[in-house]
Amino acid sequence: MTPPIPGPFDAFPPPLGALLVQLRLARGWSQARLAERLCGASGVPTVSRHEVSRWERQERIPADFWLGWLARVLAAPLGELTAAARRALEQRAAAGSPETAFRRARTDLVRVAHAWLADPTSAATRDTADPDDGAYLTGGAYPDDGGAYPDGGAYPRTDRNGARPCRGRRGVPPTDAVAAELATLRRMDDTVGGLDLLPLVRARLAAGTPPRRRRMLGLVAEFAQLAGWISADAGDPVAALSAYRRSVAAASGAADRPLAGHALGSASHLLVAQGRPREGLLLARTAYAGARRAASPRTRALLLHRVAFAAASCRQPGEAARALVAAERAADRAARQADPAWLYWLDDGELRAMTGRCLAALGRPLRAEPLLAAAVARGGPPRSRALYGAWLARTYLDLGEADQACRVAEVALLDAVRAGSARAVALIDGVNRRLAPVRDRPAAWRHAALVAAARPYLPEPAGTLPACPATSPVDGAGGWGPAPRASTD
């Protein structure tokens with residue numbers, strides 16, 4: 001048996017989801033590989049990658065039959081897996097319903113946001129997070145063995161020139177190693193869907209206790225923001241909001257206002273997509289008010305776009321238009337000041353695409369169409385093409401061009417398959433529902449056939465939340481209806 005990655009799991013036995021991730025990654029297997037091994041060993045070809053993903057997210061708990069085969073395939077004690085399954089069931093019972101967990105996560109985040117806006121470096125802000133913000137930095141990925149990576153190699157004890165020892169206590173990776181891994185995960189997020197990337201990120205965010213230096217706290221905040229973003233892409237809004245809360249708390253300790261504003265802006269976008277635009281607008285305003293003086297021009301442009309999109313979702317076109325104008329002015333000054341490293345993805349083309357999406361949400365398809373068409377035509381990662389393609393298809397529907405909307409939606413659907421993004425699928429599902437009134441057209445027939453053929457290959461979100469009385473322009477007939485279950489950026 002390949003031994004599991006050592007770490008805090010030894011002292012605090014994990015629930016089943018975390019244990020399965022630990023055992024699977026220790027063998028270097030993907031979710032698809034584990035599903036294949038289970039089907040081959042049991043002779044029952046009913047386990048797919050998506051089912052393994054649901055087990056690891058603890059959306060479903062396998063029964064005794066599959067626990068037995070998991071124990072055999074992973075060479076793990078059956079009693080350990082059974083106890084982990086029991087702990088997972090206890091966790092689910094303690095957490096209550098998904099609605100209760102989501103409401104609690106929103107309340108906690110809003111409380112942190114208010115404390116941060118009142119005093120961005122106050123102890124009150126940091127105290128709202130877990131007692132050890134270091135729990136977001138790779139204790140499981142960097143075991144307490146004097147400095148080894150999970151593959152057995154040692155991380156360097158000297159700086160990049162080999163001139164002097166790296167500072168940092170035993171078992172804790174130097175900040176340069178953490179920063180390098182963070183950069184790698186960010187680049188992976190550009191091309192890998194949230195459902196595929198989330199287990200890896202969660203493994204890297206196992207419990208640990210790094211030194212509380214300011215730079216390390218900044219890395220904690222970046223890791224947590226990325227975890228929130230990936231959780232949202234995987235369709236897990238509760239985990240996303242909890243991660244954003246920790247990001248704000250850690251950024252407060254690092255005195256990094258722009259990063260805290262970025263986390264709140266990301267949370268705002270998620271709440272809008274969940275059909276809670278007024279709460280999203282509150283967070284977007286808070287993010288901009290608290291971070292604008294310390295933020296670079298391009299960061300301010302991003303925060304203003306969050307305000308604009310949330311305002312458009314609240315049917316407040318005046319505020320949305322003012323925010324878009326201010327964002328354009330900020331972007332024009334972007335070359336005058338360096339941007340933070342985590343904003344590498346926001347170029348002029350992305351800002352124009354975000355403007356097109358906001359105009360589509362405002363019900364201005366004539367102005368939105370050229371911007372969204374250019375965003376789709378410029379290529380980029382499949383997730384971006386799928387998301388902006390879905391918005392472009394919506395725009396063509398608003399223009400009365402149903403056949404063109406079907407053609408664009410077909411391309412977006414194939415990009416969603418390539419991306420493995422639950423939020424892209426949620427947005428495309430909204431387009432599919434809007435195509436129902438034109439289902440008698442040949443183009444709609446072809447699109448429906450493609451949807452049916454692609455359905456087995458599309459990722460499923462981590463969970464479903466009830467529709468909120470507040471509505472969002474992301475979905476529904478006429479542009480106003482129940483929102484999808486994940487972020488749309």
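At 6% relative accessibility, A454 counts as buried (buried is under 20% relative accessible area, exposed is over 50%, and partly exposed is in between, with a 1.4 Å probe and protein chains only). The model is a predicted one, so local features need pLDDT of at least 70 and side-chain atom pairs count only at pLDDT 80 or more, while totals for chains, interfaces and linings use all residues. Residues are numbered from 1 along each chain as its sequence is written, and side-chain values use heavy atoms, with hydrogens and water left out.

A454 sits in helix α21, which runs over residues 442-454 (helices are DSSP runs of H or I with at least four residues, strands are runs of E with at least two, and numbering goes from the N terminus). Setting aside neighbours within four places in sequence, A454 touches L413 and V417, where contact means heavy atoms within 4.5 Å. L413 is 41 residues away from A454 along the chain, yet their C-alpha atoms are separated by 8.0 Å.

Stepping back to the whole protein chain, there are 21 helices and zero strands. Of the 489 residues in the chain, 56% are buried. Links across the sequence show up here too: among contacts between residues at least 6 apart in sequence, 71% join residues at least 24 apart.

Helix α16 (348-361) is mostly covered, with eleven of its 14 residues buried. Among those buried residues are E350, L351, M354, R357 and C358. The cover over them includes α12, α14 (297-313), α15 (317-332), α17 (365-377) and α18. Just after α16 comes G363, which takes a positive phi of about 80°.

Helix α20 covers residues 422-434, and its 13 residues reach 19 Å from first C-alpha to last, close to the 18 Å expected at 1.5 Å a residue. Twelve of those 13 residues are buried, so α20 is largely enclosed by the rest of the structure. The buried set takes in R423, D429, N432 and R434, as well as residues such as V425, L427 and I428.

Then there is the second largest pocket, with a volume of about 560 Å³. On a 1 Å grid over the protein atoms alone, a pocket is an open set of points with protein on both sides within 12 Å along at least five of seven lines, and lining residues have an atom within 4 Å of a point. Its volume is the space filled by probe spheres set on the points, which are joined across faces, edges and corners. The lining holds 28 residues, and D190, W345, E350, R383 and S384 lie nearest the centre. Elements giving two or more residues to this lining are α8 (175-189), α10 (214-233), α12 (257-273), α16 and α18 (382-398). The most comes from α18, with five residues. By class, the lining has ten nonpolar, seven polar and eleven charged residues (Ala, Val, Leu, Ile, Met, Phe, Trp, Tyr, Cys and Pro count as nonpolar, Asp, Glu, Lys and Arg as charged, and the others, Gly among them, as polar).

R385 also belongs to helix α18, and is partly exposed, with a relative accessible area of 21%. Apart from neighbours within four places in sequence, R385 is in contact with V376, G379, G380, D415 and R418. With D415, the link is a side-chain to side-chain polar contact of 2.8 Å (a pair of N or O atoms within 3.5 Å; within protein, one must be able to donate a hydrogen and the other to accept it, and residues adjacent in sequence count only if both atoms are side-chain atoms). A419 is 34 residues from R385 in sequence but 9.2 Å away in space, C-alpha to C-alpha.

Finally, two alanines in loops deserve a look. Most residues other than glycine have a negative phi. A75, though not a glycine, has a positive phi of about 55°. The loop holding A75 lies between α4 (64-74) and α5 (78-95), and A75 is partly exposed at 29% relative accessibility. A255 is not a glycine either, and has a positive phi of about 55°. A255 is found in the loop between α11 (237-253) and α12, where its 36% relative accessibility counts as partly exposed.

Notes. 1 Å grid on protein atoms, 1.4 Å probe; cavity = no way out; pocket = protein on both sides within 12 Å on 5 of 7 lines; lining within 4 Å. Expected span 1.5 Å × (residues − 1).
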